[in-house]
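I opened this notebook to record what I looked up on aromatic rings, charges over rings and sheets. The entries follow in the order in which I made them.

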Amino acid sequence: MRNEVRFLLGDEPVTLTGVDPTTTLLDWLRDQRRRTGTKEGCAEGDCGACTVAVGKPVDGGIEYEAVNACIRFLPTLDGTRVLTVEDLAKDGTLHPAQQAMVDCHGSQCGFCTPGFVMSLWVLHQDGPASPQRVDDALAGNLCRCTGYRPIADAAQKMAELPAPPRDETAALARLQAWADGQTLDVSANGQRFVAPTTLDEFCDLAAAHPDACILSGGTDVGLWVTKQLKRLGTVIYTGKVAGLDAITDAGDHLRIGAAVTYTQAQDALAALYPDMGELVRRIGGQQVRNMGTIGGNVANGSPIGDTPPALIAAGAGLELRLGRGVRVIPLERFFLDYRKQDRWPGEVVTAILLPKPAPGSQFRAYKVSKRFDQDISAVCGAFSIQLDGGVVRAARLAYGGMAGVPKRAANAEAVLVGRPWDEAAVRDAMAALAQDFTPMSDMRASAAYRAKVAANLLYRCWLETAAALPMRLTGREVAHA
Amino acid sequence: MRDEPKLPGNTTLVHEPRPHDSAIRHVTGEALYVDDIREPAGLLHLCLGLSERAHARVLSLDLTAVRTHPGVVAVLTAADVPGVNDISCMGRMDEPLFADTLVEHVGQPLFAVVAETRDAARRAARLARVAYEDLPAILDIPAAKQAGAAVVFPPMTLSRGDAASAIETAPHSVTGTVVMGGQEHFYLESQVAMALPGEGGEMMLHVSTQHPSEVQHVVAHLLGLPTALVTVEVRRMGGAFGGKETQANLFAATAALAAHLTGRPAKLRPDRDDDMVLTGKRHDFQVDYRVGFDGQGRILGADFLFAARAGYAADLSGPITDRALFHCDNAYSYGAVHATSLALKTHTQSNTAFRGFGGPQGMVAAERVVEEVAYSLGLDPLDVRKANLYGPGRNVTPYHQVVEDWDVLAAIIDQLESESDYRARRADIRAWNQASPVLKRGIALTPVKFGISFTNTAYNQAGALLHVYRDGSVHLNHGGTEMGQGLFTKVAQVVAQELGIGLDRVRLMATNTAKVPNTSATAASSGSDLNGMAARDAAQTIKARLTAFAAEKYGVDGADVRFADGRVRVGAAADLAFAELLELAYQARVQLSATGFYKTPKIHWDRKAGRGRPFYYFACGASVSEVTIDTLTGEYRVDRVDILHDVGRSLNPALDIGQVEGGFVQGMGWLTTEELWWDAAGRLRTHSPSTYKIPACSDRPRIFNVKLLDGHPNREETIHRSKAVGEPPLMLAISVLHALSDAVASVADHRHPPRLDAPATPERVLMAVERLKGLA
């Protein structure tokens with residue numbers, strides 16, 4: 001057990017004791033370290049002005065991710081290297097990410113610029129990027145001045161500039177030396193942060209502290225602190241539990257550990273269900289996808305979380321553990337009511353079990369929001385249709401944004417089963433959705449729009465499986481089986 | 001029209017694409033914003049306590065728990081204001097710093113917590129117990145109209161000819177209403193102010209504001225001090241867009257009050273949610289129109305009623321609704337016209353300046369009228385636009401100013417129509433749509449003609465202060481503020497050009513009311529027009545003194561003294577480095593500091609009569625947008641945008657292109673995804689980026705061709721014949737709304753006007769599609 005948080009800030013080893021567990025990296029950088037290049041724009045992970053790079057030792061090197069410092073609690077940085085905009089220029093020479101921004105006139109007011117520079121810096125690690133990759137890497141950074149064109153140009157141009165020499169030997173050695181496998185346990189101001197390292201330890205801790213806040217990414221929990229000023233008491237962090245971030249092929253299904261981030265899951269999901277990959281690509285910005293987890297998205301129980309409808313449609317199961325006792329339930333049964341889940345006190349989500357597509361099945365998932373990237377669904381619809389000689393043998397239609405929980409459309413499903421997969425059946429199922437859902441009006445959409453779109457998404461699913469027409473705006477080639 | 005002669009041998013600095021003066025400091029994080037300034041010892045942090053009701057009497061305000069919260073030093077209410085509890089910008093006394101017995105919007109400040117830490121201030125602010133007695137709340141335009149249409153500022157009417165009878169006798173007429181939403185500024189840097197108390201009542205403030213002089217005035221008024229005791233400084237803002245023209249007053253006044261009462265420095269930086277709930281936004285409008293036209297689509301008469309949600313106080317709603325009327329013609333000559341404004345009082349945030357300042361709303365109404373005419377006659381809307389453009393013999397605006405820039409407008413539209421291949425693409429799109437049942441494409445070309453000058457004539461003045469030091473370095477101040485637009489860079493280019501020195505020798509200093517007094521807001525796109533001229537005036541004064549000195553010293557004619565490339569050539573007698581001449585001049589006791597001043601000529605305006613020349617000139621432009629919509633969900637993509645925009649002779653083409661592109665995307669956001677949503681209790685529910693959606697990187701047009709118009713220097717004698725650029729490009733985005741409309745109309749074979757209101761969210765697009773399908 002260790003009571004001090006250790007990480008590298010640039011090249012400087014930082015050791016912190018008595019740190020308040022919910023101090024954000026942003027506040028610490030600005031207030032304690034006077035690294036004021038990192039800015040607060042929203043304190044909710046939606047604008048990217050606070051973007052920094054966090055590196056972890058991977059395969060003999062350090063792998064960096066862009067994250068939002070505003071919702072990142074300090075103890076979660078234990079064992080990492082944090083780079084801010086102040087770390088990039090060396091001996092008066094700008095990094096290509098910075099020089100390209102200057103050359104392309106990529107800054108106007110300059111306030112969002114350090115965040116963009118950090119996202120670009122992380123992108124630069126992978127070499128030249130496709131326009132698509134650039135858009136994804138920058139989706140979590142808002143700029144109100146430039147209209148983005150010069151920044152996107154800079155993202156291309158930086159790859160053409162000479163790359164600066166880089167030697168991370170010392171930093172890597174330090175991080176490796178720090179990797180002691182110990183449980184981090186820090187307390188201050190009546191709050192405690194524990195980062196267990198094994199699954200058993202994690203489950204035992206959770207069982208012993210049924211009121212603890214399970215932190216798995218923190219892209220929502222962070223806002224409880226920055227917006228609602230909530231005190232979290234005991235926080236149990238999943239980010240250091242060995243194996244909890246693993247995706248395992250279990251033959252007929254994938255086992256997705258509860259701490260697997262969106263970024264980690266995206267390709268694996270896309271390989272099985274192309275639309276699920278696309279859906280995950282549109283969750284938050286890159287910074288949020290690097291921190292947020294599928295397990296957290298499910299366990300949180302939000303009615304507008306984007307992964308549950310797709311997972312439910314695909315027939316996913318949920319693995320829960322209370323102490324050493326494990327149970328598996330169909331995912332849709334987890335969501336009991338608005339913000340109420342079938343999770344016993346002290347019980348934790350340990351994995352999502354995602355079946356592989358059955359032969360003859362068609363899977364589609366669609367997210368509808370005001371903005372394509374980094375928005376929350378007004379309606380999310382996901383459909384799995386099992387066909388047998390053109391007749392629907394089974395149908396799983398799941399929606400988000402239509403009720404207090406992610407929910408299957410039982411009436412519409414019943415209409416489809418046993419009927420030919422044709423327009424008449426689909427039209428009848430669309431009408432039946434009115435019995436399944438009574439959506440509400442809010443800032444994202446009116447009830448009438450939600451109802452109309454929910455039906456139209458089912459229609460689109462039928463159109464896409466029945467005809468080869470241009471039907472999507474996302475600009476992505478989504479290949480379906 | 002005279003173009004400028006270039007001095008032989010002088011490196012041209014103006015008209016060159018120089019990078020922003022802070023570009024390197026931006027990318028390294030070194031650029032300091034107000035919250036980045038090293039905090040003085042003993043700094044106090046503030047948080048505002050906000051009304052939870054839209055309209056209510058405050059029966060009691062129990063602050064006990066707030067005061068006793070650990071770390072709280074003081075709690076300030078209306079009773080603590082030593083001067084006048086008012087922060088209104090136009091002296092209408094309708095905007096208290098703290099509400100006392102009456103609250104008029106959810107989010108109105110009731111008190112301020114002063115604490116040792118920002119966290120303590122925020123926590124304590126939530127502990128107030130307020131007893132309210134609710135009063136009827138009027139939240140939007142229809143409700144305000146129904147309740148008797150109380151206004152926050154006297155309406156204005158513009159009238160030319162007899163519009164009523166022109167419409168009556170016209171072969172065709174249409175009546176309708178267009179609704180357009182407001183817009184949150186969403187400057188990335190939220191409002192912020194830090195106040196440092198000095199001796200004898202003096203107060204120094206660092207504020208993120210476009211209008212330091214007004215902040216100075218408001219603070220002095222609030223504290224009951226002479227203006228001379230208050231100094232306001234701003235080096236840069238992290239975006240403003242009009243949202244820091246008057247809205248900074250509240251934050252600066254609160255910080256100053258706390259500093260004044262405690263004797264300690266104090267800072268107020270609201271979080272994003274508080275900022276959005278507290279501050280005013282772009283006005284939403286509902287415009288009723290009636291228009292009469294002939295068979296060729298020529299508009300013979302037009303009548304408009306511009307109703308705006310002003311919010312609870314006047315703020316700038318008067319001038320903003322005025323400017324909406326000034327642009328109800330956009331680029332078109334109406335045979336006869338009658339237009340009236342209504343700045344309606346509502347129990348919501350007091351709406352305020354936002355890039356375009358009412359102009360965008362005027363133009364959206366004008367373009368809706370064009371759409372009505374086009375669909376009524378089955379014409380291409382572009383042909384209706386061209387049939388109504390200002391031109392020779394049809395060049396008088398509704399406010400009786402003669403449009404002299406009509407030739408620029410015509411040139412832009414012709415060039416853009418041809419270069420963008422508008423006609424052929426339109427035909428292709430129609431054909432493509434026939435074969436695509438779900439996705440539909442649309443295209444539109446819309447022009448912009450925007451009047452340049454503050455309509456309050458007095459504001460069209462500027463000052464500068466220029467010091468030259470003995471090493472030849474130049475320290476320059478002017479009244480304008482830097483919010484990202486590149487004003488400092490442009491003014492430095494002007495001064496360096498004038499003195500024949502390198503740009504690196506000119507340092508633009510933080511805007512400070514002690515350096516240049518009585519300034520106007522950096523607004524109305526006027527920054528470089530006004531301050532560029534004032535700074536040049538100062539530089540010319542210095543240059544004249546140096547010229548006279550050198551001519552006398554070396555016995556040559558003043559005309560033979562040339563400043564270029566960092567050197568001064570004194571006829572054949574001497575060739576000195578600029579710094580060498582400076583040292584000689586200093587030794588000879590030549591004054592090396594000068595002020596500069598400028599006031600815009602030719603302009604005058606009589607609001608009551610609705611006549612005059614409010615604008616020095618017009619800045620013009622046009623854009624073609626092409627979109628694809630999804631008729632199952634209403635989602636859309638902007639596939640391609642072509643822009644041709646008029647900035648006269650650009651002072652800096654790189655910065656100007658930046659303004660055009662950035663303005664366009666911001667305007668696109670206003671008309672598409674940016675939706676402000678209040679609930680039935682008057683609470684703004686879109687108060688952070690998770691719910692309020694400005695364009696993201698991938699929303700920019702897939703193909704984005706932006707050009708500045710060549711060969712048309714400003715016909716007026718502006719700074720190096722350039723034109724203002726800040727606001728006009730925002731309105732180029734109206735072509736996106738009309739491209740969406742064109743796509744929507746395709747579902748009914750373009751037989752019915754789509755009448756798509758703004759913001760055209762996916763929901764509005766889908767609902768318009770459904771309505772038109774019903775008519776088809």
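By about how many helical turns are A:Tyr459 and A:Trp462 separated in helix α16 of chain A? I found that they are separated by about one turn, because they stand three residues apart in helix α16 (residues 447-466) of chain A. Helices here are DSSP runs of H or I with at least four residues, strands are runs of E with at least two, and both are numbered from the N terminus.

I noted that the model is predicted: local features need pLDDT of at least 70 and side-chain atom pairs pLDDT 80 or more, while totals for chains, interfaces and linings use all residues. Residues are numbered from 1 along each chain as its sequence is written, chains are lettered from A and ligands numbered from 1 in the order in which they are written, and side-chain values use heavy atoms, with hydrogens and water left out.

**Aromatic pairs**

I looked up the total and found 24 aromatic pairs over all chains. Rings of Phe, Tyr and Trp (its six-membered ring) pair if their centres lie within 6.5 Å; planes under 30 degrees apart count as stacked, over 60 as edge-to-face and the rest as tilted. The pair of A:Tyr459 and A:Trp462 is tilted, because its planes stand at 35°, with the centres 5.8 Å apart. Both A:Tyr459 and A:Trp462 are buried (under 20% relative accessible area; exposed is over 50%, partly exposed in between; 1.4 Å probe, protein chains only).

I then turned to B:Phe326 and B:Trp605, an edge-to-face pair with 4.9 Å from centre to centre and 70° between the planes. This pair links distant parts of the chain, 279 residues apart: B:Phe326 is in helix α9 (residues 317-326) and B:Trp605 in strand β26 (residues 604-606), both of chain B. B:Phe326 and B:Trp605 are both buried.

**Charges over rings**

I found A:Arg460 over the face of A:Tyr366, 5.7 Å from the ring centre. A charge counts as over a ring if NZ of Lys or CZ of Arg is within 6 Å of the ring centre and within 35 degrees of the ring normal.

**A sheet in chain A**

I recorded an open sheet of five strands with antiparallel pairing, in the order β10-β11-β16-β12-β13. Two strands pair if DSSP finds at least two bridges between them. The edge strands, β10 (247-249) and β13 (325-330) of chain A, each pair on one side only. Between β10(A) and strand β11 (residues 253-257) of chain A I found three bridges, in the antiparallel sense. A:Thr248 has A:Arg255 in β11(A) as its bridge partner.
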